[in-house]
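Biologist: I'd like to go through this model with you. Can you put it up?

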Amino acid sequence: MDQESWNILIVEDDQRLAELTREYLESNGMQVSIEADGAQAAERIINERPDLVVLDLMLPGEDGLSICRKVRDRYDGPILMLTARADDLDQVLGLEIGADDYVCKPVRPRLLLARIRALLRRREGAEAPSAVGGKRVQYGPLVVDNALREAWLRGEGIELTGAEFDLLWLLTSNPGRIMSREQIFSELRGIEYDGQDRSIDVRISRIRPKIGDDPDHPRLIKTVRGKGYLFVSEAAEALQ
């Protein structure tokens, strides 16, 4: 998909911020629409199916977390959440209910644009046949298919968000290799790790129980202190 055809829906009740963001994104070749009412946002997301949603957390009518939860199983595009708070709570909650990324307010336009482009290009790369190449890995009862973007455990489908699948594929396609947060950020987002973002840790904690790992004493996806994460293929193959 050419960048000029990217359709972005901004769900934001701050009219000035929304308009400034629209102008900036449109000046960079995107098509942008705005929704200020949280109560109307879910319906628009599901019906219009934009390529990406920029979703503010605090909205009149219905908050961003509720909207994200409502649309996540019916809308498979990236959701980039805006949060006015710099603490981890909103960010972790957003990621846990299916947001793909987040940006803290006040929004720096160049950073927002970089995050949007990274999410859209990652999605395009996943959809392109030349990129996925029909690749599949299997370790005992765990199967991860990058062509179908699906995973199974003991024949049962695993429910994963797009961002969770990307991370699981990155780890399972690099068994025995310690992946640092810097490497993961570079691979999945195309941006440098800022040293504070917790999205990778949150997704790891959500993926572990889904693939049969013990969240308290993980054996499949191990945390290597001070270095990153390691997928242990032998442990996966030993799953019953």
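Modeller: What follows is a short talk about the sheet, a helix on it and the confidence of this predicted model.

Biologist: What is the strand order in the open sheet, and how do the strands pair?

Modeller: The order is β2-β1-β3-β4-β5, five strands with parallel pairing. The edge strands are β2 and β5 (101-104), each pairing on one side only. From one strand to the next, the twist averages 20°.

Biologist: How many bridges join β1 to β2?

Modeller: Five bridges, between β1 (residues 7-11) and β2 (residues 31-35). Within that pair, Ile8 stands opposite Val32 of β2.

Biologist: And how many join β1 to β3?

Modeller: Four, and β1 and β3 (residues 52-56) run parallel. Val11 has Leu55 in β3 as its bridge partner.

Biologist: Which hand does the β-α-β unit of β1, α1 and β2 have?

Modeller: That unit is right-handed, with helix α1 covering residues 15-27.

Biologist: Where does helix α3 lie?

Modeller: Helix α3 (residues 64-71) lies across β3 and β4 (79-83). Relative to β4, α3 runs at about 165°.

Biologist: Changing topic: where is confidence lowest and where is it highest?

Modeller: In the protein chain, the lowest mean pLDDT is 39, in helix α6 (residues 129-132), and the highest is 96, in β1. The chain as a whole has a mean pLDDT of 85, with 87% of its residues at 70 or more.

Biologist: Over which residues does pLDDT stay under 50?

Modeller: Residues 128-134, for which the model has six contacts beyond four places in sequence. Where pLDDT is low, the predicted coordinates should not be read in detail.

Conventions
Residues are numbered from 1 along each chain as its sequence is written. This is a predicted model: local features need pLDDT of at least 70, side-chain atom pairs count only at pLDDT 80 or more; totals for chains, interfaces and linings use all residues. Side-chain values use heavy atoms; hydrogens and water are left out. Two strands pair if DSSP finds at least two bridges between them. Helices (H or I, at least four residues) and strands (E, at least two) are DSSP runs, numbered from the N terminus. A crossover is right-handed if, with the strands pointing away from the viewer, the path from the first strand over the helix to the second runs clockwise. pLDDT is the predictor's confidence in each residue, from 0 to 100. Contact means heavy atoms within 4.5 Å. Axes are lines fitted to C-alpha atoms, for helices over the stretch in contact, and angles run from 0 to 180 degrees between N-to-C directions.
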